[in-house]
Amino acid sequence: MERIYITGAGGFVGARACRRLQDSYTVLTPPKGWMATCTEEQLTQMLTEMHPEVILHTAAISDTGYAESHPEEAYRANVQLPLWLARAAAQCGAKLVAFSSDQVYAGVQQPGPLAETMALSPANVYGRQKLEMEQRVLEVCPDAVLLRATWMYDLPGYGLPIRGNLPLNLAKAALYGEKVRVSSRDYRGITYVRQAVENLLPATALPGGVYNYGSENRCDMGTTARAFAEAMQLPNADTLIEAADWPRNLAMDCAKLHGHGIRFDATQDGICRCLRDYGLIK
């Protein structure tokens, strides 16, 4: 494998994937903003000319609120573009690895870690679009690998784009005397993005299908937020958390991924890895 085409190269995951892979592979990217206006024919022509071995699709409209209020724009980004990439990948013989989301599990009433095989009926626009994307992509490109990613985080640095995440929310609250509202009935994994990017190359060798992808978490978000605050050694860590009470279960069972040798740190271990990488703890 020598040529990797990466979408979303200016985004949170895509920029980090480009940075990690560029020294060992020929990294190909579309012009900035081009995919927002291109046609399927133009996209297929570009990929045919570039002939990548792997297409890594990280671009999306992932803000659930924005997708809710701009469903048509989000549908193009979250369903149509991945479908076009799948058709092009099938045509040019490239391996497609595309990000889905744990939001496909939004609205699930079942407790405990959730497996890929369960029936789903997502409760928000973004989750419904991602589920439709998975189904339609696999119809035209059965070899595609679709990664249901958790909420991801990083710390600012290295000239890479950053976005709101749990550690930053906690740090901001400590700095400005604010609070972070979390629910003890909310369950989800949270993943250090650098580990997610490190696991992308092994993911290109996975058989086609859907995979839960990220750190598992058996703890509720109240417990998780307190553990993050303590690991970050934030002052008055206990007072940063404001208890809320909403039910949600996005906690994923990653046994299928583990069966192929790809593993992540558990959520509360991942923050320690992140802090060590930045020299903030030993």
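Visitor: What share of the 282 residues of the chain counts as buried?
Guide: This is a predicted model. A residue counts as buried under 20% relative accessible area. By that cut-off, the buried share of the chain is 52%.

Visitor: Which strands stand at the edges of the open sheet?
Guide: The sheet has six strands with parallel pairing, in the order 2-1-3-4-5-10. An edge strand here has a single partner strand, so one side is left without a neighbour in the sheet. That applies to strand 2 (26-28) and strand 10 (209-213).

Visitor: Which residue in strand 10 stands opposite A149?
Guide: Strand 5 covers residues 145-149. It pairs with strand 10 in the parallel sense, over five bridges. Opposite A149 stands Y213.

Visitor: Which helix lies across strand 4, strand 5 and strand 10?
Guide: Helix 4 (residues 71-92) lies across strand 1, strand 3 and strand 4, at about 175 degrees to strand 3. The helix asked for covers residues 125-140 and runs at about 160 degrees to strand 4. It is helix 5.

Visitor: What percentage of contacts between residues at least 6 apart joins residues at least 24 apart?
Guide: Contact means heavy atoms within 4.5 Å. Counting contacts in the chain between residues at least 6 apart in sequence, the share joining residues at least 24 apart is 79%.

Technical notes. Residues numbered from 1 in each chain as written. Predicted model: local features only at pLDDT ≥ 70, side-chain atom pairs only at ≥ 80, totals over all residues. Heavy atoms only, no water. Pairing = 2+ DSSP bridges. Helix = DSSP H or I, 4+ residues; strand = E, 2+ residues; numbered from the N terminus. Axes fitted to C-alpha atoms, helices over the stretch in contact; angles between N-to-C directions. Buried < 20%, exposed > 50% of the residue type's maximum accessible area, 1.4 Å probe, protein only.
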